[in-house]
Structure formats: structure tokens, C-alpha cells
Amino acid sequence: VQLQASGGGLVQPGGSLRLSCAASGSIFNFGVLGWYRQPPGKQRESVATIARGTPNYADSAKGRFTISVDIAKNTLYLRMNSLKPADTAVYYCRADSSGVTYWGQGTQVTVSS
């Protein structure tokens, strides 16, 4: 299984982006899907996960980010609104199935004026 993340870029504070993560196989088979990020000089952290249709968000993402899945397109999304400079990071998608973890290659999000 391969995960291909895309949608990152440079955005001004207060702006929005939508990240996409396309899976090479059926995304329906994964128990848990999620988005993680690694800010410069910091460890990777969870942003949002979704399991059996139930989303969970890090406190920093609540009210601003929305995780969703399009099963027909085998694609995971992360809609990010009201972006802040603190959201600057490389964003990774992740999928877990039967104890095996898959990571996408990462997409850079930079929030700056």
C-alpha cells in the first residue's frame, strides 16, 4: 500500500488549505486513518485521526481542521481553516491496518505573511 499526500503550500495567516492523501488500495480496509505533522525542530505529532467514521482532533486543531474520507476515491482529506504560523510543518498521512502502519511522504505547509 502506498499513500500519496498533496495539497501543501504557502498560505497567509487566516487562510485555508485542503490536504489530500490518496491510497493505492482500498482505504476502507484501514482501521485508523490520520494526519500528523512535524514542525521545524520538533517531533512529529498527531493532528487528527478518524476511525470507523469517528474523528478525533488535537486541541490545536479543534474548531479549525476537519478530517474526512472519500471511500469511493480512496482518499483521506484534511481541511484546514484559520491557519496560523504555528501550523507550519510537514504534514504526513498515516494509515493503520492489522498492526501495520503506512506513512505518506509528507507535504509542506508554510503559514506566513
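The structure is a predicted model, in which local features need pLDDT of at least 70 and side-chain atom pairs count only at pLDDT 80 or more, while totals for chains, interfaces and linings use all residues. Residues are numbered from 1 along each chain as its sequence is written, and side-chain values use heavy atoms, with hydrogens and water left out.

A nonpolar core is taken as a set of buried Ala, Val, Leu, Ile, Met, Phe, Trp, Tyr and Cys residues joined through side-chain atoms within 4.5 Å; buried stands for under 20% relative accessible area, exposed for over 50%, and partly exposed for what lies in between (1.4 Å probe, protein chains only). The largest such core holds 27 residues, and those with the most contacts inside it are Trp-35, Val-47, Phe-65, Leu-76, Leu-78, Met-80 and Tyr-91. Two or more residues each come from β1 (3-6), β3 (17-23), β4 (32-38), β5 (45-51), β7, β8, β9 (89-97) and β11 (107-111). Strands here are DSSP runs (E, at least two residues), as are helices (H or I, at least four), and both are numbered from the N terminus.

Aromatic rings come next. A pair of aromatic rings is described by the distance of the centres and the angle of the planes. Rings of Phe, Tyr and Trp (its six-membered ring) are paired if their centres lie within 6.5 Å, with planes under 30 degrees apart counted as stacked, over 60 as edge-to-face and the rest as tilted. The structure contains 3 aromatic pairs. In one of them, Phe-30 and Tyr-102 are edge-to-face, because their centres are 5.8 Å apart and their planes stand at 75 degrees. Phe-30 sits in the loop between β3 and β4 and Tyr-102 in strand β10 (residues 100-103), so this pair ties together parts that are 72 residues apart in sequence. Phe-30 is buried at 11% relative accessible area, whereas Tyr-102 is partly exposed at 23%. Tyr-36 and Trp-103 make another edge-to-face pair, with 5.2 Å from centre to centre and 70 degrees between the planes. Here, too, distant parts of the chain are linked: Tyr-36 belongs to strand β4 and Trp-103 to strand β10, 67 residues apart. Tyr-36 counts as buried at 15% relative accessibility, and Trp-103 as partly exposed at 35%. Ring pairs also join Tyr-36, Tyr-92 and Trp-103 into a cluster.

Side chains of opposite charge can pair when their charged atoms come close. With a salt bridge defined as a side-chain nitrogen of Lys or Arg within 4 Å of a carboxyl oxygen of Asp or Glu, a search of the whole structure finds 5. Arg-37, Glu-45, Arg-64 and Asp-87 are linked in a network of these bridges. Asp-87 and Arg-37 are both buried, at 2% and 5% relative accessible area, while Glu-45 is partly exposed at 32%. Beyond its neighbours within four places in sequence, Asp-87 is in contact with residues including Arg-64, Phe-65, Ser-82 and Val-109. Elsewhere, Lys-62 and Asp-59 form a salt bridge at 3.2 Å, N to O, and these two residues are exposed.

Two backbone features deserve a look. Phi is near 50 degrees, a positive value in a residue other than glycine, at Ser-82 and again at Ser-98. Ser-82 lies in the loop between β8 and β9 and is partly exposed at 42%. Ser-98 is in the loop between β9 and β10 and is exposed at 76%.

Technical notes
Contact = heavy atoms within 4.5 Å.
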